[in-house]
Structures are given as structure tokens and as C-alpha cells.
Amino acid sequence: MRTIFSFLRKLRQLDDVVARVRSVQEALGRIETRQLSGAPISALSQAEFRVFSQWGEDGIIQRLIQNVPINHCVFVEFGVQDYQESNTRFLLMHNNWTGLVIDADQGNIDKIRQDEIYWRYNLKAECSFVTRDNINALLKRNGLDGDIGLLSIDIDGNDYWVWEAIETVKPYIVVVEYNARFGPDRAVTVPYDEKFTRACAHYSMIYYGASLSALVALGARKGYDFVGANSAGNNAFFVRRDLRPSSLPVRTAAEGFVASQFRESRGENGQLLFLTFDEEQRILKDLPLVEVPA
């Protein structure tokens, strides 16, 4: 019995440590945000800082909302896993936005609903495998229609096709993952497959998503200007054309392209291979891609 009580006490102590670390993260994020306000930058990547995002997206998003007039402080993010690492958690906690997060794993959704942020803030968590055929119904079912502040898309697969299909909401800002391995020039995406999962599509884990050029062209057709990418070379940022201020100049795909440096390619047994760009290209060259309107 003592062993059980000792174990439970250690768990409570661990929870307390995690809570304190999060408080420090938030405090540093608030400081970074204040320092960012009004600071001149020539590229979005100069605004980067990380609180809960995987790379520097927290800082870039703070920079964007400081410059874009936001009247609807609502976000949607899908592909969030358990929401510990995400593009919108800092928006929720620091800026007190409301939002909807979607993930295909019920276990992840349960963890989100059990997190204290679920009662501290106005957050909805929905379990669904997002496709181009269900995304608008998912949004409507959660009361989302018309203008929203931000949409973040990171589903490691049908990102292009899902963004193309979204009609229910009109985000002010869109963050969408691109696959830098497809280069800065080709407007390509993986073929649409409503059951697409990155792990099943190819063992290498590098065959997914769309090129930056494809997303920039799609954004332009939907009324969005590309304003830059993060320094990691995997997330592109768009602002609705009717709201983009002159402080955020439009970039072409060639101007804004950043090549990713992370080496996440895997072998058939799941081991990391640390392949070079050229070695990755040899894997991708025989895999099907769809050329989309540029």
C-alpha cells in the first residue's frame, strides 16, 4: 500500500513540475510577444519564437495578428494529436481566442478533454478523420460559418485537397504545411485518397502533402496572399487579400521558399536513415504526383 501511495505522490509531483514548466513557457511567450510588437522585420521567420508550436510558428502567428485586423478571434486547427504541441495553443491561452481542434485519434481527443485547458478556455475537440468531403460539415456542426481568425492545416497528406474544398469558413489567416522535398518550382501534390495516411502511403514517411508552389497558387485562387514561410521550411503563411496590410508584402513561391533541413526519412523497418536531399529525391521520383494549376 505504501508503494502505491508513494507512486501517486510522485505522479502529483510530476504534474506540478509540468504545470510550472508550462507557466514558464507562457511567461516567456508573453515577453517575446511584447518585444515583437512594432519591431521592424524583413521576413516572417525573424518573428519566430516557440511556446507550444513545433518550430517558431507561435511568434509568426503573433506577428500576423498584430498586423492583420482580426474581428473574429476564432481558430480551427486539425492534425493536432493531443494538442500539447500545436500552432494555436498559445493563441488560446495567451490571447484568449476560442477554437476547434480536430484529430482522428479518439485517445488524443480524450487527452485534450481531460486537460485543464478544456475547462479554462473555450475550446472544442472533435474526433474525425478529415477529408475534402466531410470538412465543411464538420465545421458547420461545430457552429463555424463565415469569417474566422485563423485556420491551421497539418494532416500530412491531403492538405491541398482539404484546403481547396473548404467553403464554410473564410479565415483571415491560413497556416498550411508544405513538403519542401517537392522543391520551389513544381506545383504538385499527392493524389487525393480519402484514406491517405503518411505512414501507409510509403515507408519512407517523406511522401505526403503538396509543394509550396501548389499551395501558393491555390491560395491565390481562393483570395489569399502568401506572406512567407517558417525557417524550418515546412509551414506556409497566408493572409486574406482584402485584409493584408502593406506591412506584410506578398511573396512568390520562389521568393518565400525555404528548404527544410530536418532528416526524417525512414527505412522499411521504421529506422531513421538521415538521408540527403538527393537520396530522398531518388525515393520520390517514382511515386505518383498530381500537377495542379499554377
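Me: How many aromatic pairs does the structure hold?
Reply: The model is predicted. Ring pairs link Trp163, Tyr224, Phe226 and Phe238 into a cluster. The total of aromatic pairs in the structure is 9.

Me: Is the pair of Phe49 and Phe90 stacked or edge-to-face?
Reply: The ring centres of Phe49 and Phe90 are 6.1 Å apart. Planes over 60 degrees apart count as edge-to-face. The planes of Phe49 and Phe90 stand at 85°, so the pair is edge-to-face.

Me: How many residues apart are Phe49 and Phe90, which link distant parts of the chain?
Reply: Phe49 lies in the loop between α1 (2-36) and α2, while Phe90 belongs to helix α3 (residues 89-94). Both Phe49 and Phe90 are buried.

Me: What is the centre to centre distance in the aromatic pair of Tyr160 and Trp161?
Reply: Tyr160 is buried, as is Trp161. With 85° between the planes, Tyr160 and Trp161 form a pair that is edge-to-face. Centre to centre, the distance is 5.1 Å.

Me: Which strands stand at the edges of the open sheet?
Reply: The sheet has 7 strands in the order β3-β2-β1-β4-β5-β8-β7, with mixed pairing. The twist from one strand to the next averages 20°. Two strands have a single partner strand each, so one side of each is left without a neighbour in the sheet: β3 (123-127) and β7 (224-229).

Me: Which residue in the turn of the hairpin of β7 and β8 has a positive phi?
Reply: The hairpin has 5 residues between β7 and β8. In its turn, a phi of about 75° belongs to Gly233.

Me: What is the bridge partner of Val175 in β8?
Reply: β5 is joined to β8 by 5 bridges, and the two run antiparallel. The partner of Val175 in β8 is Phe237.

Me: How many of the residues of β8 are buried?
Reply: In a regular strand, side chains alternate between the two faces of the sheet. Asn235, Phe237 and Val239 are buried on one side of β8, and Ala236, Phe238 and Arg240 are buried on the other, which leaves both faces covered. The number of buried residues in β8 is 6 of 6.

Me: At about what angle to β8 does helix α2 run, and what angle does α9 make with β7?
Reply: Helix α2 (residues 57-67) lies across β4 (146-153), β5 (169-177), β7 and β8. Helix α9 (residues 212-221) also packs on the sheet, where it touches β5, β7 and β8. The angles are about 10° for α2 to β8 and about 150° for α9 with β7.

Me: How many of the residues of α9 are buried?
Reply: The buried residues of α9 are Leu212, Ser213, Ala214, Leu215, Val216, Ala217, Leu218 and Gly219. They pack against α7 (159-165), β5, β6, β7, β8 and α10 (253-256). The buried count for α9 is 8 of 10.

Me: Why do the buried residues of α11 line one face of the helix?
Reply: In α11 (residues 277-284), Glu280, Ile283 and Leu284 are buried. Seen down the axis, these residues line one face because they fall within an arc of 95°.

Me: Does Glu194 count as buried, exposed or partly exposed?
Reply: Glu194 lies in the loop between β6 (188-189) and α8 (198-201), where it touches Phe129, Thr131, Asp133 and Asn158 among residues beyond four places away in sequence. Buried means under 20% relative accessible area and exposed over 50%. Glu194 has 41% relative accessibility, so it counts as partly exposed.

How values were computed
Residues are numbered from 1 along each chain as its sequence is written. This is a predicted model: local features need pLDDT of at least 70, side-chain atom pairs count only at pLDDT 80 or more; totals for chains, interfaces and linings use all residues. Side-chain values use heavy atoms; hydrogens and water are left out. Buried means under 20% relative accessible area, exposed over 50%, partly exposed in between (1.4 Å probe, protein chains only). Helices (H or I, at least four residues) and strands (E, at least two) are DSSP runs, numbered from the N terminus. The arc is that of the directions from the helix axis to the C-beta atoms. Two strands pair if DSSP finds at least two bridges between them. Axes are lines fitted to C-alpha atoms, for helices over the stretch in contact, and angles run from 0 to 180 degrees between N-to-C directions. Contact means heavy atoms within 4.5 Å. Rings of Phe, Tyr and Trp (its six-membered ring) pair if their centres lie within 6.5 Å; planes under 30 degrees apart count as stacked, over 60 as edge-to-face and the rest as tilted.
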